[in-house]
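Please keep the sequence and the 3D view open while you go through them.

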Amino acid sequence: IIGPPALCPWTPSPCQDGPMGYDVTDALGSLRAAFDTSRAELLGRLDGLSSDEYFWEPVPGCWTVTQVADGWTAANDPEAEPAPVTTIAWRLWHLWDCFESYSERAFGTRDSGMPYDRFVGTPIEALTLLRRAIDHFTAGLDDLGPGVGEPLGSAFGPFAERNHIDLGQHALRELNAHGAEIGLLRDLWFHRAEPCSTGRSTPGR
């Protein structure tokens, strides 16, 4: 485990500047363009997300975000096997958690000071936090410039010798993979057998 979030396993592909790799500055430009596309697609897919959808549990026993005395907290058991189905709220928390952790370890800063196991209770707040966390991370990559080819360092444990392009590739995979899961949950909500009394909310496309 290389630090929070515990549920972000990482198996990056090597990316090195030199004869056996490619220029990291060119790679950063391509990576940032891919981030912009994936970010826009996910946020567009979440347009109109309702509170009912945000907390909807398609099966019993879902991991979700629950209210506690001093806010909201996310279920998180790294030892769970197999991992439970989750709510959209949990997926948004997980993505936020990942990007905050990557930024803190790679750049020494993060967008929010909120504890990693905490989150928020409305879709608007969740999407605001996620948008800001992604933007903070990608801005950190931009600020490194040619330094994106430097090793990540000890904060990344066994991946210390990987570079920031490797980290960016992994973060993009996380964004796309969980974004696809969120999209599926929206489709399942829309086509569920028994709509709740508030009516159906058409998924963003």
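1. Helices α3 and α5 are roughly antiparallel to each other, a label used for angles over 145 degrees, whereas under 35 counts as roughly parallel, 65 to 115 as roughly perpendicular and the rest as oblique. The axes of α3 (residues 88-107) and α5 (residues 164-190) cross at roughly 170 degrees and come within 9 Å; such axes are lines fitted to C-alpha atoms over the stretch in contact, with angles running from 0 to 180 degrees between N-to-C directions. Helices (H or I, at least four residues) and strands (E, at least two) are DSSP runs, numbered from the N terminus.

2. This is a predicted model, in which local features need pLDDT of at least 70 and side-chain atom pairs count only at pLDDT 80 or more, while totals for chains, interfaces and linings use all residues. Residues are numbered from 1 along each chain as its sequence is written, and side-chain values use heavy atoms, leaving out hydrogens and water.

3. Where α3 meets α5, with contact meaning heavy atoms within 4.5 Å, the α3 residues include L92, L95 and F99, and those of α5 include L167, L175 and L185.

4. An open sheet of three strands has the order β1-β2-β3 with antiparallel pairing, where two strands pair if DSSP finds at least two bridges between them. Because β1 (65-68) and β3 (118-119) stand at the edges with a single partner strand each, one side of each lacks a neighbour in the sheet.

5. Four bridges join β1 to β2 (residues 71-74), and these two strands form a hairpin with two residues between them. T66 has T73 as its bridge partner in β2, while Q67 stands opposite W72.
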